[in-house]
Amino acid sequence: MISPASLAELREAVLSAPRVIAVGAGTKPRLSAVDAVKISMRGLCGLIEYEPSEFTFTALAGTPVKEIVATLAEKGQYLPFDPLLVEAGSTIGGVVASGLSGPGRFRFGGVRDFILGVRFVDGMGRLLRLGGKVVKNAAGFDVPKFLVGSLGRFGVIGEVTFKVFPQPEAMLTLQLPFSAEAMAGLSNSRYEAEALDVLPGGAAMIVRLAGPEKALEMLAKEVGGEVISNTIWDAIRETPWSYKTDITPDQIADFQTAHVSCGGSVAFSQILPSRGMTLRGDAPLWIGGRTRFAVEDAVKQALDPQQRFPTLDD
C-alpha cells in the first residue's frame, strides 16, 4: 500500500502503478475490493481552511469526519446530511467517494448538495482544482458533484470544500406506529421534520424535529407518539448493515428486514437484496445490476483514458 503525505506525493502515487485505487479508513471495504494497488489517504489529513462566518471549510481527503464534526460543533455548525460511520473513522474523502448520506438527507439533501469544490488527481497524473470555495459559485460542468458516489473510479480526491449549516438549538425524537399514510402526512406537514426513518420490522417509525426547545415540546404534542432518546440517530449513523438499496416509499413494505431511511428513499439491510450496492462482504459490488449513463464513459475517457483506475463495473 502506498501512503502519500502531500498532494505532490499523491500525484506520484497515482502514476506509480498501471492500476490504482484510493482507500480511506476501510469502513466500507467492498467499495475498494478490486485488483489494484491501494493508495492510503490517511496521511493526507487536516483542515486547510475554515471560515465560520462563510459557513465553509476545506479539508484534505484523509481527514476523519469525527475531527471535522468536532471542529464545526465548537462554532455551532454541522453537516446536516448526517455523514455515516463517523465513530468508525470514516474520512471526508470517503464520504464523497461513497456518496452515502444519513437520515438528515430527508430534509436537507445529501453529500452532493453540500460539496462546493475538489482537488483531485486524474488518471494522467494531473492535479486538478474544480468547483470553488464559496457558496455562490457556478461555472461549467460540476465535477465535484459528479465525483460524489464515484467510488474513486475517475480520480483520487485529495482535497474537498463543503458548505455547512448552523446547528439547531435543540432536537427531539418521536417514535410512532408506521403506516405509509402517516409517513406521507409527516413528510408533507408543516412540522418540517429533519429526519424520518422506519425501524427494522416495519412496525415503527421515528421522526426528528429541530428548533427552539419550547417549540419542539408543543410540536411533539401535536405530532403524537412517544418521545425517545436522540441517541438512536447515533446508532443509525454507525450503520452496521452490509447492503444499501435505493427504494421508493411504496416499496417500504417489501423491506421489513431493513432499516429504511430518508423518508423511504433508501434501505440498509444485512440480508442480500435483489438489487443494490454491497458495502461490506463478498457479494457483488452491484447487486442486480445498475443504471448506466453515457456521461460516465465520456468523463472516464477525459480523465482516465489509460484506465488507471478501475471502472464502476469492477
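**Pockets, cavities and cores in a predicted model**

Nine nonpolar, four polar and eight charged residues make up the lining of the second largest pocket. Here Ala, Val, Leu, Ile, Met, Phe, Trp, Tyr, Cys and Pro count as nonpolar, Asp, Glu, Lys and Arg as charged, and the others, Gly among them, as polar. The model is predicted: local features need pLDDT of at least 70, side-chain atom pairs count only at pLDDT 80 or more, and totals for chains, interfaces and linings use all residues. Residues are numbered from 1 along each chain as its sequence is written, and side-chain values use heavy atoms, with hydrogens and water left out.

**Second largest pocket**

- The second largest pocket has a volume of about 510 Å³. A pocket is an open set of points on a 1 Å grid over the protein atoms alone, with protein on both sides within 12 Å along at least five of seven lines; lining residues have an atom within 4 Å of a point. Grid points are joined across faces, edges and corners, and a volume is the space filled by probe spheres set on the points.
- Its lining has 21 residues, of which Val 69, Tyr 78, Asp 82, Asp 234 and Arg 237 lie nearest the centre.
- Two or more lining residues come from each of α2 (65–74), β5 (77–78) and α8 (232–237). Helices (H or I, at least four residues) and strands (E, at least two) are DSSP runs, numbered from the N terminus.

**Largest pocket**

- The volume of the largest pocket is about 950 Å³.
- There are 33 lining residues, and Arg 112, Val 148, Gly 149, Asp 246 and Trp 286 lie nearest the centre.
- α5 (143–147), β14 (243–246), β17 (276–278) and α9 (294–303) each give at least two residues to this lining. β14 supplies the largest share, three residues.
- By class, the lining of the largest pocket holds 14 nonpolar, 10 polar and nine charged residues.

**Strands around β16**

- β14 also pairs with β16, antiparallel, over four bridges. Strands pair if DSSP finds at least two bridges between them.
- Asp 246 sits opposite Val 266 of β16.
- β15 (residues 259–261) pairs with β16 in the antiparallel sense over three bridges. Val 260 stands opposite Ala 267 in β16.
- Four residues lie between the strands of the β15 and β16 hairpin, where Cys 262 takes a positive phi near 55 degrees.
- Both faces of β16 (residues 266–269) are covered: Val 266 and Phe 268 on one side, Ala 267 and Ser 269 on the other, are all buried. Buried means under 20% relative accessible area (1.4 Å probe, protein chains only).

**Cavities**

- Two cavities of 30 Å³ or more are present. In a cavity, a 1.4 Å probe fits but cannot get out.
- The largest cavity holds about 40 Å³ of space. Its lining includes Leu 84, Asp 197, Trp 241, His 259, Ser 261 and Phe 268.
- That lining divides into five nonpolar, five polar and one charged.
- The second largest cavity holds about 30 Å³. Lys 28, Leu 84, Ser 90, Gly 94, Val 95, Ser 98 and Leu 100 line the second largest cavity.

**Nonpolar cores**

- In soluble globular proteins, nonpolar side chains tend to be buried together.
- The largest nonpolar core has 55 residues; Leu 10, Phe 57, Ile 92, Val 96, Leu 147 and Phe 162 touch the most other members. A nonpolar core is a set of buried Ala, Val, Leu, Ile, Met, Phe, Trp, Tyr and Cys residues joined through side-chain atoms within 4.5 Å.

Conventions
Buried < 20%, exposed > 50% of the residue type's maximum accessible area, 1.4 Å probe, protein only.
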